[in-house]
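Thanks for coming, everyone. I'll keep this short. Have a look at the model on the screen.

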Amino acid sequence: MEITQFQLDALREIGNIGSGHAATALSTLLQRRIEMSVPKVWAIPFEQIAGIIGQLDTPQATIYVKVEGEAPGKAVFFFPVESAEIVVQTLFGSKETMDLYTDEMAQSALKEVGNILVSSFLMALTQFSGIPLQPSVPALAVDMIGASLDAIFLEDGMLDDTVLFIDTQLTGIPKIEGQFVFLPDQGSMERLLGAMGI
Amino acid sequence: MNVVVISVGMADYKTAKAPDLLMTAGLGSCIGICIRDPFLKVGGMAHIMLPTASGSLGGNPAKYADTALELLLREILAMGANKSRLRAKIAGGAQMFSFPGRPPVLKIGDRNAEAVDRELEKHGIPLLVAEVGGSFGRTIHFDVGTGELRIRTINHGEKVV
């Protein structure tokens, strides 16, 4: 896959606008300040992802939403279990820690967080590109991050030698950290950039 | 004697001699293939991601069950192992996510497990243990000396098979 510097910059801008909306939504939802890193655009072999996310068997809460419409793709939000616990506690205004592995209320709250984040991201993308995009229902795994990501990236049974994705870190004060990843399907990146005249 | 733990990455394969261990972390729909010659106490591990290189988008052959197994076997045999003595254990092939109302037609974890099964049979290597399926991640350690495969999960216990 050939990608020019100009396209990379455009993708980073997409990431900036989309993730900015997502961060604002999270901030509103949790009534906390959320900071966002400068989005990074990666074009790497998937097997090198450990270099970005670190230990593959660290437990993380991963919310996966499929992006549907004329430029389909995948959106993933993942955070360390401790951060996810804080998010859930904040949402329920509860003093006690809920068990993310078993508590269905906590799990559906996390899915809802993912839904809100991804919807805001997609709304920004649609405004920007004019391409209508819709989120699927969210799915959740609280498990080893490597296992969750391999299932998402390999789901279609195909894997390009380089995968392209946008990655943004979200940091809440205090003690919330998460990562938002957008992975356009084959051809979607060209469609998004094309719609923006790039 | 010092035991070395040799780490196998995604789309990667390594060999080892007793008493060293081979490990791979965070298997989801991927599969860890462990093979050893119990007489010589040598073996190897591959971490495959997809069923077959044919009709695929190409790239690193260690990504695919069929080509990765060929590569791994070549190295194990080069260490002096006898093909007729080789035995295999595998783990992984989970389905981590499910979307209500849309059953995935061809789950990649299941397809990987079937492909590994088929390729091992093609090479005439008996499959002693297949810890596959489920909806949880696995980290595995394989002892090429004893043949023990330790499977660790986050919320589904730990076992040695």
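**Around one isoleucine**

Start with B:Ile33. Skip its neighbours within four places in sequence, and B:Ile33 is in contact with B:Met45, B:Ala46, B:Ile48, B:Leu69, B:Leu72, B:Ala88, B:Ile90 and B:Val116. Contact here means that two C-beta atoms, placed from the backbone, lie within 7 Å.

Ground rules next. This is a predicted model, where local features need a pLDDT of at least 70, side-chain atom pairs count only at pLDDT 80 or more, and totals for chains, interfaces and linings use all residues. Residues are numbered from 1 along each chain as its sequence is written, while chains are lettered from A and ligands numbered from 1 in the order in which they are written.

How confident is the predictor? Chain B averages a pLDDT of 94, and 98% of its residues score at least 70. That score is the predictor's confidence in each residue, from 0 to 100. For the complex, the ipTM is 0.92 and the pTM is 0.91.

Back to the isoleucine. B:Ile33 and B:Ile48 have the most contacts inside the largest nonpolar core, a set of 112 residues. Such a core is made of buried Ala, Val, Leu, Ile, Met, Phe, Trp, Tyr and Cys residues joined through C-beta atoms within 7 Å. Buried means 20 or more other C-beta atoms within 10 Å of a residue's own; exposed means 12 or fewer, and partly exposed is in between, with C-beta atoms placed from the backbone. The largest share of this core comes from helix 4 of chain A (residues 104–129), with 10 residues.

Now chain A. It has 6 helices and 8 strands. Those are DSSP runs, numbered from the N terminus: helices are H or I with at least four residues, strands are E with at least two. Of its 198 residues, 47% count as buried.

Which residues of strand 6 of chain A are buried? In strand 6 (residues 139–144), 6 of the 6 are, so the strand is largely enclosed by the rest of the structure. Strand 6 of chain A pairs with strand 3 (residues 59–69) of chain A in the antiparallel sense, over 6 bridges. Pairing takes at least two DSSP bridges between the strands. One bridge joins A:Ile63 to A:Leu140.

Last, the interface. There, 32 residues of chain B are in contact with 28 residues of chain A. On the chain B side, strand 3 (21–27) and helix 2 (108–122) are the elements that give two or more residues. Strand 3 of chain B gives the largest share, 3 residues.
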